[in-house]
2 protein chains.
Amino acid sequence: MELRKDIHTNGIPVLCVSCEVRHRGVCGALDPDQLIALAKASHKHTIKEGEELIGDAEQIDVYSNVLAGVVKLTKTLSDGRQQIVGLQFAPDFLGRPFRKESSINAEAATEVSLCSFPKATMDRMMQEQPGLENRLLQQALIELDDARDWMVTLGRKTAAEKVASFLLLIARNIDPEREANGRSIAFDLPLTRADIADFLGLTIETVSRQLTRLRADNVIRIENNRHVTVENIDRLRGRAGN
Amino acid sequence: MELRKDIHTNGIPVLCVSCEVRHRGVCGALDPDQLIALAKASHKHTIKEGEELIGDAEQIDVYSNVLAGVVKLTKTLSDGRQQIVGLQFAPDFLGRPFRKESSINAEAATEVSLCSFPKATMDRMMQEQPGLENRLLQQALIELDDARDWMVTLGRKTAAEKVASFLLLIARNIDPEREANGRSIAFDLPLTRADIADFLGLTIETVSRQLTRLRADNVIRIENNRHVTVENIDRLRGRAGN
DNA sequence: GGTTGGCGTTGACCTGGATCAAGCTGTTCG
DNA sequence: CGAACAGCTTGATCCAGGTCAACGCCAACC
């Protein structure tokens, strides 16, 4: 990995200079020397939709930062029933410190761009740089809050409320196109109907029907199955039942 | 807080000497000086069943360690639907670092014994003792794993599987009486039927019926509504559908 | 061009769990 | 003692969402 030392980059590795998530992600906790060391061992790469990143009960030897795209975390029962237990967006950190093997699957829901580095390197840095552990703790606590919010959705909301909640979640996490009036927001769904069903604990058919209903009631518009325009965010919120 | 300095306690505050969770809980990360400082600001106390520990959207100014009993973490929708999003047993840490106010309710499910200390004291120690943050990160990651496991239960399991999974969860976390043959385990349910329903995303009636079915099928015995004997752990596991 | 296969929608029907209602058991309290 | 109440169980009925099946759309491929 080369290293430019001019004023602008200020000792920041080229790999990282243009990195969009550098400040928001875990790397933001590193000082320049550490960033250089980590960048040396890192590589950016792109994963195609549907490819598996981490297998259940597999050794984890790399951590990654999500630079772009959406990663779905899934769990599967022995008879094949599946549940998506989390979605990771940029600049989330992907990996499970303190454990040798993963208890979940991670799969690219869309095309995903990652910056990966060896677990060992990161683990060593965690010990010498407490700020890193602090960042990880913050992210873990946010993910825990999210997971618990979602437990309410899974356990207590109706199918209609689940689908509305899902759309709001995506709108919040995907960088959306906003219309001039500020009321209308548009985005591409990063998941197929089957994925949405697995996320919501529903079937494909129920998801489809609920989307149709939202469309029929002019709360959203859908083009090409994936592109959603929320006509009225407040009406959508009203249907999410919080 | 007094301080005995004989060989056995080795500079450990009296409050902590007999503490059953000292090594397993977050305090295990502190050196003797820090433990003394924290103990000075700490106090042990007991909370009766049903009492609220942390209110939703309330300021959190104390953290606590659970010494005994079970704390339920709940979330409630505006129309009153409730979901239990976590159960805390000894020696779990109770609190939410990095946030001023809580987004969940914490309530004593049974009589609960706590060791509480001011948030500010702990937050200061976190900065000077990285091991503390490490402990918290470890607990947060375990809670995250648990939450995600439970999402599968909520989203994809049947009522029968949910109830069996719940019994296994309790058997795993409550110190159970074990019978000689090693097959039979007994414990008291720390939750009412209503709480169990809120934990499983079911109604009281469904929980009751599923328990009745497990009893009719000789998988469990129930005395006084609360005392459960698992006749055959493997049969119970078989019904949890993993 | 036709075929195949993935993905989504829609309709008809069924069922697991919710809802509504009654009653049982044990405890507290006047 | 009886009344009131909390917690739990059980039965009858209902309905939201699952299941099964048909079909539409579109892209890839021969």
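Arg148(A) and Glu143(B) join their side chains in a salt bridge, 2.9 Å from N to O; the term means a side-chain nitrogen of Lys or Arg within 4 Å of a carboxyl oxygen of Asp or Glu. This pair crosses between chains, running from helix 4 (residues 130–156) of chain A to helix 4 of chain B. Helices here are DSSP runs of H or I with at least four residues, strands are runs of E with at least two, and both are numbered from the N terminus.

Are the two partners buried or exposed? Arg148(A) is buried at 8% relative accessibility, and Glu143(B) is buried at 13%. Buried means under 20% relative accessible area, exposed means over 50%, and partly exposed lies in between (1.4 Å probe, protein chains only).

## About the model

This is a predicted model, in which local features need pLDDT of at least 70 and side-chain atom pairs count only at pLDDT 80 or more, while totals for chains, interfaces and linings use all residues. Residues are numbered from 1 along each chain as its sequence is written, chains are lettered from A and ligands numbered from 1 in the order written, and side-chain values use heavy atoms, leaving out hydrogens and water.

## Chain A as a whole

Chain A holds 8 helices and 12 strands. Its C-alpha atoms fill a box of roughly 55 × 50 × 30 Å along the principal axes, and 55% of its 242 residues count as buried.

How does the radius of gyration of chain A fit that of a compact globule? For 242 residues such a globule would have a value near 18 Å, and the 20 Å of chain A agrees. The radius is taken over C-alpha atoms, and the globule rule is 2.2 Å times the number of residues to the power 0.38.

Over all chains, the whole structure has 28 salt bridges. One of them links Lys75(A) with Asp149(B) at 2.7 Å, N to O. That pair also crosses between chains, from strand 4 (residues 71–76) of chain A to helix 4 (residues 130–156) of chain B. Lys75(A) is buried at 10% relative accessible area, whereas Asp149(B) is partly exposed at 38%.

Within chain B, Lys48(B) bridges to Glu51(B), with the closest N and O atoms 4.0 Å apart. Lys48(B) is exposed at 56%, and Glu51(B) is partly exposed at 35%. In chain A, a network of salt bridges links Lys72(A), Glu107(A) and Asp195(A).

## A negative patch

Which residues form the negative surface patch? They are Glu52(A), Asp56(A), Glu58(A), Asp61(A) and Glu101(A). Patch residues have over 30% relative accessible area and no salt bridge, with like charges joined within 9 Å. Asp and Glu count as negative, and the place of their charge is taken as CG of Asp or CD of Glu. Glu52(A) sits in strand 2 (residues 52–54) of chain A and is partly exposed at 46%.

## Backbone details in the loops

The peptide bond from Ala90(A) to Pro91(A) is cis, with omega near 5 degrees. Pro91(A) belongs to the loop between strand 5 (82–88) and strand 6 (93–94) of chain A. In chain B, Ala90(B) and Pro91(B) are likewise joined by a cis peptide bond, with omega about 5 degrees.

Phe98(B), though not a glycine, has a positive phi of about 70 degrees. Phe98(B) lies in the loop between strand 6 and strand 7 (105–108) of chain B and is partly exposed at 33%. Asn225(B), also not a glycine, has a positive phi of about 65 degrees. Its loop runs between strand 11 (220–223) and strand 12 (227–230) of chain B, and Asn225(B) is exposed at 54%.

How values were computed. Patches are made of residues with over 30% relative accessible area and no salt bridge: like charges are joined within 9 Å, nonpolar side chains (Val, Leu, Ile, Met, Phe, Trp, Tyr) within 5 Å. Accessible areas come from the Shrake-Rupley method with a 1.4 Å probe; for residues, only the protein chains shown count as cover.
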